[in-house]
Each structure stands twice: as structure tokens, then as C-alpha cells.
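Work through the exercises below with the sequence and the model open. Each task is followed by a solution in steps.

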Amino acid sequence: MSSSPVGPLDLDLNNSYGALFIGFATAAILFGLTNVQAFVYFQTHSGSGLTFYKIVTFYLWILDALHLAFIAHMIYHYLVTNYANPAALIAIVWSFQAQVVGDVLIIYAVHLLYVQRLWILSRGRSKILPSIITIMVALGSAVAITLIWAAYQCHVYSDLISMEWCTFLSLATICFLDMSIADSLVTKLMTYSLNSGLLTSICSLGAIVTCAAMPKNFIFLGVEFLCAKLYVNAYLALLNAQYYLSNGGEHRGSSGQARDRDVRINLMPLSGGSAVSKHGASMDADLTTKLPSGDGKPLSPNSSHYPAVAVTVKTETFTEP
């Protein structure tokens with residue numbers, strides 16, 4: 001948060017509520033991207049029943065929609081309901097405080113989900129790194145509660161002057177956690193490290209810089225509107241990474257559910273003791289078998305009689321994250 005001019009006559013609408021309107025419009029575009037990401041996830045996992053990640057996706061979508069609704073009410077209140085009423089522009093409307101709560105719920109939820117992801121990726125490995133990240137996220141909840149408390153202590157924008165420290169503390173904490181999570185995931189998910197904290201860190205840094213450089217306007221708030229949307233989209237992109245990397249789900253069935261690839265085997269004995277499938281995948285197979293005579297001779301590559309050979313084929317399966 002930052003301060004606003006005390007007097008309504010000193011208020012510049014271009015860099016105050018104009019900045020909020022631009023932030024709202026951009027946030028609405030990002031919410032449209034959230035809808036696409038949620039649709040892709042539900043479509044590609046339509047046959048898997050009710051799962052933890054489906055509940056998480058729906059939960060984040062609801063929070064994102066409510067966050068946008070609070071921002072929309074805030075903009076409508078100042079620019080439509082109180083049109084030509086400058087005195088109303090300095091008072092904090094309830095939806096401003098509600099969107100702060102929405103911000104906190106979204107960001108903290110995504111941080112917890114990233115921590116859960118880290119623990120999954122650390123199976124069979126050292127637990128030191130995920131433990132450190134878990135402790136940092138838990139400590140960050142105190143900062144989140146402090147931010148909500150500070151928002152509800154303010155009734156006009158001039159009251160935010162004494163609460164400016166809370167803005168820098170919360171944004172700096174968010175940025176630090178984002179960079180820590182991104183650095184933790186980068187060694188394990190190189191392709192999608194951007195989705196695990198880098199972009200949201202840049203947005204948080206932008207809010208910090210604009211708040212410090214221009215404390216007399218709302219430009220930083222317009223930037224902060226985007227943070228929650230970027231968090232939701234970043235995590236949903238991480239869930240959909242498997243779909244994107246498989247070129248739109250070419251390895252999925254017609255129902256969208258993950259399945260094994262259908263491999264038809266047409267074994268041809270080779271001198272090297274391996275077999276080649278019809279799809280060109282090489283597989284190790286023991287082609288030394290007993291002929292009907294029971295003499296135990298190796299199967300000749302030139303033989304026209306091929307007894308049944310039991311082959312175990314291990315194929316890659318695309319499963320739900």
C-alpha cells in the first residue's frame with residue numbers, strides 16, 4: 001500500500017484511478033487466460049474423477065473470480081457511482097480491503113501448493129531444501145495476516161501513510177519467497193521454472209519500485225492487481241505443463257484421460273538378441289527359446305517358424321500431475 005494525497009483537489013485522476021482502471025482491464029485479460037487454463041486442465045483430466053488437483057484448480061478459479069469482482073466493484077464505485085464527487089475518492093471502499101484479502105488467500109495458497117510440489121519432487125532425495133522453504137512460507141503467513149490487519153485499520157487513503165512499511169514488508173516477503181521457490185524448482189523443472197516464481201517475482205518487484213518511486217499515486221496498486229492473476233496462471237500452467245509438452249495431448253485418449261500408448265508388437269529376431277516393434281521402438285527380448293523338439297537351440301534368424309515369445313514391454317505413461 002501507499003499514501004494518497006490528503007485533499008481531493010490535489011488528486012490526479014490519470015495516475016491514481018486511471019492507473020487502477022488500466023490495472024483492472026489487464027487483470028480481466030489475465031482472468032480470461034485463467035479460464036482457458038482451467039478449461040484445458042479439466043478437459044485433459046475429464047475421465048479421472050474428483051481429484052485433489054481438480055479441487056485446487058476450482059478453488060483457485062473461484063478466488064481469482066472473486067478477486068476480479070472486488071476490483072470491478074472498487075472501480076465502479078469510484079468512477080461511476082461517485083462520478084463528479086471528488087470527496088468520495090479519498091475514502092476507502094470495502095471492496096478495496098476485500099481484494100487485499102483475496103490477494104493474500106491466492107498468493108499464500110499458491111505458495112503452499114508449490115511447497116507440496118517440492119516435497120513430491122524431493123522423494124528419495126534430501127529433505128533439507130523443502131523443509132527450509134516450508135518454514136519460510138509458514139513465517140510468511142504472519143506477514144500476510146499483518147497486511148490484512150493494516151488494510152482494515154485504514155478508512156481514507158491518507159491513513160495509509162503510517163502503514164507504508166507494511167506494503168514494503170509484504171511485497172518484499174512475497175518476492176523473496178517467489179525467488180526461493182523458483183530457484184528450488186529450476187533444478188528439477190528447467191523448462192517451466194518461469195512458471196514457478198520468476199514472473200510473479202518481477203511483478204512484485206515492479207510494485208515495490210513504483211510504490212517507492214511514486215508514493216503519491218496508485219500506479220503500484222494497478223501493478224499489484226496483476227500479481228494474484230499471475231500466481232493463478234503460473235500454477236495452472238505448471239499443472240498443464242505435461243499437456244503442453246506433449247503437443248496438445250497427442251498421447252491422450254479421446255476422453256482426455258491419460259493412458260498408455262498402444263504398442264503392437266511384430267517381433268523379428270535379430271542377431272543381437274533384441275526385437276523391434278512395429279513402431280520402431282527397440283526392446284530387449286530373450287530370443288533363445290526351446291523349439292518343439294525340446295533341444296534348446298537358439299532360434300535362427302532365417303527360420304520360417306517362430307514360436308511364441310513372451311516379451312515384457314515398458315512404455316512411458318502420461319499420468320495426472
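Relative accessible area, taken with a 1.4 Å probe on protein chains only, sorts residues into buried (under 20%), exposed (over 50%) and partly exposed (in between). The model is a predicted one, in which local features need pLDDT of at least 70, side-chain atom pairs count only at pLDDT 80 or more, and totals for chains, interfaces and linings use all residues. Residues are numbered from 1 along each chain as its sequence is written, and side-chain values use heavy atoms, with hydrogens and water left out.

**Exercise 1.** Determine how H3 and H4 are oriented and what their contact is made of.

Step 1. Axes are lines fitted to C-alpha atoms over the stretch in contact, with angles from 0 to 180 degrees between N-to-C directions. The axes of H3 and H4 come within 10 Å and cross at roughly 175°.

Step 2. Angles under 35 degrees count as roughly parallel, over 145 as roughly antiparallel, 65 to 115 as roughly perpendicular and the rest as oblique. H3 is therefore roughly antiparallel to H4.

Step 3. The H3 side of the contact includes Val104, Tyr108 and Trp119, and the H4 side includes Ile133, Val137 and Tyr152.

Step 4. Nonpolar covers Ala, Val, Leu, Ile, Met, Phe, Trp, Tyr, Cys and Pro; charged covers Asp, Glu, Lys and Arg; the others, Gly among them, are polar. The contact of H3 with H4 has 18 nonpolar, 5 polar and no charged residues.

**Exercise 2.** How many aromatic pairs does the structure hold? Classify the pair of Phe70 and Trp94.

Step 1. Rings of Phe, Tyr and Trp (its six-membered ring) pair if their centres lie within 6.5 Å; planes under 30 degrees apart are stacked, over 60 edge-to-face and the rest tilted. The structure holds 7 aromatic pairs.

Step 2. In one of them, Phe52 and Tyr53 have ring centres 5.3 Å apart and planes at 75°, so this pair is edge-to-face. Tyr53 is buried at 8% relative accessibility.

Step 3. The ring centres of Phe70 and Trp94 are 6.0 Å apart with planes at 80°, so this pair is edge-to-face. Phe70 belongs to helix H2 (residues 52-81) and Trp94 to helix H3 (residues 94-121), 24 residues apart.

Key. Helices (H or I, at least four residues) and strands (E, at least two) are DSSP runs, numbered from the N terminus. Contact means heavy atoms within 4.5 Å.
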